[in-house]
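The report below examines selected helix contacts, aromatic pairs and individual residues. The sequence and structure are shown first.

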Amino acid sequence: MSKVSKKDIGAILHDDGVSFRVWAPFAAAVAVTGSFNNWSHATMASEGDGYWFVDIAKAEAGQEYKFVIYDGYNDRYKNDPRSLQVTTSAGNSVIVDTTFKWHDDGFKADSFNQLVIYELHVGTFNRPDPATSGSFQSAAEKLDHLAELGINAIELMPIGAMSMDRGWGYATDFIYAVESLYGGRRGFLEFVDAAHQRGIAVILDVVYNHFGPDNGLDLWQFDGWNQDSKGGIYFYNDWRASTPWGDTRPDYGRNEVRQYILDNVRLWMQASHLDGLRVDSTIFIRNVKGWNNYPQEDLSEGWSLLQAINTLAQKINPGALLIAEDTSGNDYITKSTGEGGAGFSTQWEVTFPSVMRSALDAVHDRDRNLTAICNALTQRYNNDAFQRIVYTDSHDTAGNNGGARLSEEISPGNVSNVYARKRSLLAAALILTAPAMPMLFQGQEFMEDGSFNDWQALDWSKTDRFAGILQAFQHMIALRKNQHGTTKGLVSQWFNVLHLNDSDKVMAYHRWDEGGPGDDVVVVFNFANTVHEDYIINFPRDGVWKVRFDSDYKGYSPDFKGLEVGDVTVENGSGHLALGPYAVLILSQDKPT
């Protein structure tokens, strides 16, 4: 490795040792101490611009260290804000050798309209030993399962070093360091490499709306300076500091803090070969109170930071998928920066789950609101269907504020019953045939129950117990991606409601690209526990329509009704079909031979 440049901050390994650089503009003096000098103090030189530097000959990867910051009164022992590894969040920083042999040459994520996203929490996704956390290595053992399911994009919940043994990842202490319990930085890179080799993109959830919370956070009053007992150089030190997670909002207007965040984006997108980022709670980056209609609380520098994040990520990877979690329903989140937008590719549709859940977990069929479902399906931003991600389960809906997985809400304590299974497939079909990017939550494909938390591992034995449900998900995902060349409409923009019968709780819609056999798709839903032996639906064109998927198929579960649906011959625009209880049909026409 060559000598470092002035831009290099943190602990940078080179041929003759390690150089250390840290930003501490109000420090009276700074030193570095570590296992390389028997924890004595090596004085760092001030570079005159708030940065301090020293080069330590013979220091090596794997050795531990801390900065010693003298604030004029006391020595403050602080971990490196840019450390790529910490022993624990309360322990020491570790010098990291950043070289890594990649095997993913030529990998390119599928186009946005082809993506099926799977949200995954490393600590619980696959935890063979209940006494320890799941890891990147154990998660990688299930990549073949995801590939066979048809998943082509994983969205990882945050992986930064956390202050507790377990966590969701949204209370990150060190945004550069990868959680050691998960396997650290090398384990993470090996996971990304393994996913790419299976054709699966990796997107990482990052948290820039707050750091910490502040209790024990090393960045807090890092070099001793603070105003009104607030956080110091990395944070706002006035009313803008306030967040639901403490006074820990980064100072987006301070150049060094902006660069700290942008260099973190560069770390993930360039050095870690990621295919995209999901930026958590962007509304708290662009507005102090997280409100949409109070411009006096807006943070213009937060908005410009979001633009800078997306511009940088797209410069590194022009095909990057950049996801906003926002609550605005605002076109400007996904408008280009050239049009004054934030520049995200797409955004979580945070209102979609509540509409779908209200319809699917209602006790009585009469309470299922089909009009609300149709309205939720037609929503789009900037006239682009794929500028939103739709889902019924996520870490938020399944775990926050007493929430539970949809399967659990449908049938509390008994998700194995026929109603939970059938309506779970209805939910999956809505997601996977909607004009949007679909997202599943870990375990959804095999009827995982309960609420999401950071300690309960997925029960992988359910892949055998609910093998038929898993197969139904595989079949729907294959159709969603047009793997058989018969459902192109599902990867296209266009959507139209063909039929809405709120009395019988039956609806149907049409998906298409240019139209015609192999392109036009009709999806029919029965949201009631009623059998329809001969139900009439209007179709886009006459001819024979093949049933590509029937969720009531007995092969998915022996206690399903399993009506003989058969091909549907459409004459004068009308087709007669059979609908099982709580069933969905996906139909299209064969291309001419």
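Is Y419 buried, exposed or partly exposed? Y419 is partly exposed, since its relative accessible area is 38%, where buried means under 20% relative accessible area, exposed over 50% and partly exposed in between, computed with a 1.4 Å probe on protein chains only.

## Basis of the description

This is a predicted model, in which local features need pLDDT of at least 70 and side-chain atom pairs count only at pLDDT 80 or more, while totals for chains, interfaces and linings use all residues. Residues are numbered from 1 along each chain as its sequence is written, and side-chain values use heavy atoms, with hydrogens and water left out.

## Aromatic pairs

A search of the whole structure finds 33 aromatic pairs, a pair being two rings of Phe, Tyr or Trp (its six-membered ring) with centres within 6.5 Å, counted as stacked if the planes are under 30 degrees apart, edge-to-face if over 60 and tilted for the rest. F222 and Y234 form an edge-to-face pair, with 6.0 Å from centre to centre and 85° between the planes. Both of these residues lie in the loop between β14 (201-206) and α5 (255-271), so the pair ties together parts that are 12 residues apart in sequence; helices (H or I, at least four residues) and strands (E, at least two) are DSSP runs, numbered from the N terminus. Both F222 and Y234 are buried, and they belong to one aromatic cluster together with W23, Y176, F211, W220, F235 and Y260.

The rings of Y419 and Y582 have centres 6.3 Å apart and planes at 85°, so this pair is edge-to-face. The pair links distant parts of the chain, 163 residues apart, with Y419 in helix α12 (residues 418-433) and Y582 in the loop between β26 (574-579) and β27 (584-588). Whereas Y419 is partly exposed, Y582 is buried, with a relative accessible area of 4%.

## Helix packing

Helix α12 also packs with helix α14 (residues 467-480), at an angle of about 15° and with the axes 10 Å apart; axes are lines fitted to C-alpha atoms, for helices over the stretch in contact, and angles run from 0 to 180 degrees between N-to-C directions. The two helices α12 and α14 are therefore roughly parallel to each other, given that angles under 35 degrees count as roughly parallel, over 145 as roughly antiparallel, 65 to 115 as roughly perpendicular and the rest as oblique. On the α12 side R421, L425, A428, A429 and L432 meet I469, A472, F473, M476, I477 and R480 of α14, contact meaning heavy atoms within 4.5 Å.

The axes of helix α8 (residues 352-360) and helix α9 (residues 370-378) come within 9 Å and cross at roughly 155°, and α8 and α9 are therefore roughly antiparallel to each other. Their contact is made by F352, V355, M356 and A359 of α8 with A372, I373, A376 and L377 of α9.

## Loop residues

K505, in the loop between β20 (494-501) and β21 (506-512), has a positive phi of about 60° although it is not a glycine, and at 6% relative accessibility K505 counts as buried. N572, found in the loop between β25 (568-570) and β26, likewise has a positive phi, near 55°, in a residue other than glycine, but at 75% relative accessibility N572 counts as exposed.
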